Amino acid sequence: MSSAKYAEPFRIKAVEMLKETTPEYRKKVLEDVGYNLFKVKADDIYIDCLTDSGTSAMSDRQWAALMTGDESYVGNRCFYDYEKAIQDLFGFQFVIPTHQGRAAEQLLARMLYPKRPNAKFVLANMAFDSTRAAAIIHDVTAIDLLEPAGYDTTTYHPFKGNLSVEKLEKFIAEKGADSIAWIQMIITCNSNGGQPVSMANIKACAEVAKKYGLLYIADCARCFENAYFIKEREEGYADKSIAEINREMMSYFDYAFMSIKKDGLVNMGGFFCCREQEMYDVAWVDNMNYEGHATYGGLAGRDLAAIAVGLYEGSDYRYLKGRIGQVQYLGERLSEFGVPYVTPVGGNGVYIDARKFYPDIAPEHFPGLCLAADLYLKAGIRVSELGASAFSYKDKEGKVHFPEIDLVRIAISRRVYTNSHMDVIAETLGELFKAGSPHFKGMDKSDWYGAVTHFTSNYVPMFK
């Protein structure tokens, strides 16, 4: 290839028209849904950056695989293609399919939390909402132990997703190993900007887990993007393939689960995997009650076929370079306007620092929600708040705990939008940042339902 700017390694064969609306229309939409963008109908969105989960555009080869799906109730050939792809790319022998990652995480929680009846904590780099929800059901609290750099949104660090070994050792020493359910690494770390975890950090935390006899588990929804960053940034990996890097990452973990709706480039799917027959035998029997037989796990044969193709496409270096290149392009455009975001950008989107974007709005009045609402009102763009609403919680005494950072995630769907869409997002945010919030002094949260309140709550705006 020439030295010219790198472009996507594909061409577009089908298009979907987008709906454009007026500010007045969008204002009425927000009023009707209690200012919660999770409740807005997709048909009322112009550019949808709410999530990168299940929103990928599938390739021609994936669509062809759908047409050859074997829909036999058990033992369909598509499962064996799916199983082989996971064994090849992840290195685990035993694979349990689930309809999405949350189902796999709940399966893991049902199996493991009862084995640790004295456990009160699960330790993570920065837990996502699904991890907190699975823990709360079992009266366990997820504890974030990011390295200090992970909370710094402006200073460059190549691996801001790293779990602090120092904090990990200190927490275990203070609380005791018996109080810990397990150690969980989210790869990449979604909650602080889709930030990668280094191989050195993955290995170091594995040694801590082994030292204290704790299980070590990978949430690997975006592991291929993480492998890309290791290849680009960590010494000794430049000449290794994404698959080789991913297999090494997974080799340090006892178990892994994945929402394949991210790096697997499909609209539905997940898995849980392990190395020992005994655990597999327990897992598939348990999962039968929720997801179905071990050879379909809540998925159609055609879904399994598309996943088998998508996992290989998602681990292709050329694809990853173009995908992450688009995220970096958006970051570069935002820099032109001085918009504060987590730098360097992560793999799955750009995360705006809401407290710096709207410094006059206190965390308890949700600056991220105000920014998300402003962005929708101004241009019909939907994003998700990952801050005081998504990650604050009430303890048993009724005290609200707020996260250390307030972020707004502009999640970029894979193989869906063009750089022209990135320009619209950047220019709109640039105008908002220059002017300040045109509508809100803040918002109040009208209700609390636990770890997933950002899906269910209504919000009461405080207008200027």
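Predicted model: local features only at pLDDT ≥ 70, side-chain atom pairs only at ≥ 80, totals over all residues.

Trainee: How many salt bridges does the structure hold?

Mentor: A salt bridge is a side-chain nitrogen of Lys or Arg within 4 Å of a carboxyl oxygen of Asp or Glu. The structure holds 24 of them. In one, the side chains of R323 and E225 meet at 2.8 Å, N to O.

Trainee: Why does the pair of R323 and E225 tie together parts that are apart in sequence?

Mentor: R323 belongs to helix α12 and E225 to helix α8, so their pair ties together parts 98 residues apart in sequence. Helices (H or I, at least four residues) and strands (E, at least two) are DSSP runs, numbered from the N terminus.

Trainee: Are R323 and E225 buried or exposed?

Mentor: Buried means under 20% relative accessible area, exposed over 50%, and partly exposed in between, with a 1.4 Å probe and protein chains only. R323 is buried at 5%, and E225 is buried at 0%.

Trainee: Which residue forms a salt bridge with E225 at 2.9 Å?

Mentor: R414 does, the closest N and O atoms being 2.9 Å apart. R414 lies in the loop between β13 (407-411) and α16 (419-435), so its pair with E225 in helix α8 ties together parts 189 residues apart in sequence. R414 is also buried, at 0% relative accessibility. A network of salt bridges links D52, R222, E225, D263, R323 and R414.

Trainee: What is the case for E234, a charged residue without a salt bridge?

Mentor: For such a question, Lys and Arg count as positive and Asp and Glu as negative, while His and the chain ends are not counted. E234 is buried, and the nearest side chain of opposite charge, K203, is 9.6 Å away. E234 lies in the loop between α8 (223-233) and α9 (242-251). A polar atom of the E234 side chain lies 3.0 Å from the backbone nitrogen of A200.

Trainee: Where does I180 lie, and with which residues is I180 in contact?

Mentor: Contact means heavy atoms within 4.5 Å. I180 lies in strand β5 (residues 180-186) and is buried, with a relative accessible area of 0%. Leaving aside neighbours within four places in sequence, I180 is in contact with R116, A119, F121, L123, F171, I172 and L214.

Trainee: How is empty space found?

Mentor: Rolling a probe the size of a water molecule over the atoms shows where empty space is left. On a 1 Å grid over the protein atoms alone, a cavity is a set of points where a 1.4 Å probe fits but cannot get out; a pocket is an open set with protein on both sides within 12 Å along at least five of seven lines, and lining residues have an atom within 4 Å of a point. Grid points are joined across faces, edges and corners, and a volume is the space filled by probe spheres set on the points.

Trainee: What is the volume of the largest pocket?

Mentor: The volume is about 1,500 Å³. Its lining has 38 residues, of which A14, A57, M58, R415 and V416 lie nearest the centre.

Technical notes:
Residues numbered from 1 in each chain as written. Heavy atoms only, no water. Polar contact = N/O pair within 3.5 Å; in protein donor to acceptor, adjacent residues only side chain to side chain.
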